[in-house]
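Dear colleague,

Please find the structure below, handed over for your review.

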Amino acid sequence: MPTGVASGPSRDCPICPRLVDLRLSLRDQHPDWFNAPVPSFGDPRARLVIVGLAPGLNGANRTGRPFTGDYAGDLLYRTLLNLRLAQGEYRADPRDGLSLTDCLITNAVRCLPPANKPLPEEIAACRPFLTGQLDAVRSARALVALGRIAHESVVRSFGGRMKDYPFGHGAAHTLPGGLRLFDSYHCSRYNTNTGRLTEEMFVEVMTAARDFAQA
Ligand code: URA
């Protein structure tokens, strides 16, 4: 199993200068927003863990809950509700009372990156927190990586070599240690608007991952 930092980054995590600058300027512009590393959300005893990329500006960075308040979250939480991995009502607000059962959502990078594009050194700097989170969910049987960056960071967390684990939508891999990793294109507005990812394609991967995790 991986080893990493068990607790998440602090609210004022100083590690990535570029992300700290953006955080501080957003705290000035929007003092009512969350503007801090976004913690994981869901069931600490989950059998399924979903790994996203990083908080979105108006989504998790504003609200403080992964995928909450942006387009990607509309598709993700709708799918989780339909698959009975989420209960309640998703209202794009962390106070909506939504809960996850047997499922936990985390991000490869905990802070908002400019233009949604973390630099390789930022992804690497945040990896100990991802590794620590994955290590903490000892019940996990399956992971879903949303997009290539999440996929690569998960594989590196487990000490895998990238050439042995090629990313591909719908691909599934057995990681060192035995967890099963399912890949999906990221459920972003861009990917769905361009037709790269349809809702059907997304639901198919999520269903396969849930069924594996719960078998
Ligand atoms: N919000 C998140 O928390 N993660 C993503 O990858 C996208 C939006």
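**Cavities and ligand site**

The lining of the largest cavity is made up of eleven nonpolar, no polar and two charged residues (Ala, Val, Leu, Ile, Met, Phe, Trp, Tyr, Cys and Pro count as nonpolar, Asp, Glu, Lys and Arg as charged, and the others, Gly among them, as polar). The model is predicted: local features need pLDDT of at least 70, side-chain atom pairs count only at pLDDT 80 or more, and totals for chains, interfaces and linings use all residues. Residues are numbered from 1 along each chain as its sequence is written, and side-chain values use heavy atoms, with hydrogens and water left out.

A cavity is a set of points, on a 1 Å grid over the protein atoms alone, where a 1.4 Å probe fits but cannot get out; lining residues have an atom within 4 Å of a point. The largest cavity holds about 90 Å³ of space, its volume being the space filled by probe spheres set on the points, which are joined across faces, edges and corners. Of its 13 lining residues, Cys13, Ile15, Cys16, Cys111 and Cys126 lie nearest the centre.

The second largest cavity has about 40 Å³ of space. Among the residues that line it are Leu19, Arg23, Asn61 and Cys111.

A polar side-chain atom of Asn107 is 2.8 Å from a ligand nitrogen, and an N or O atom in the side chain of His186 is 2.8 Å from a ligand oxygen.

Yours sincerely

Note on methods: Polar contact = N/O pair within 3.5 Å; in protein donor to acceptor, adjacent residues only side chain to side chain. 1 Å grid on protein atoms, 1.4 Å probe; cavity = no way out; pocket = protein on both sides within 12 Å on 5 of 7 lines; lining within 4 Å.
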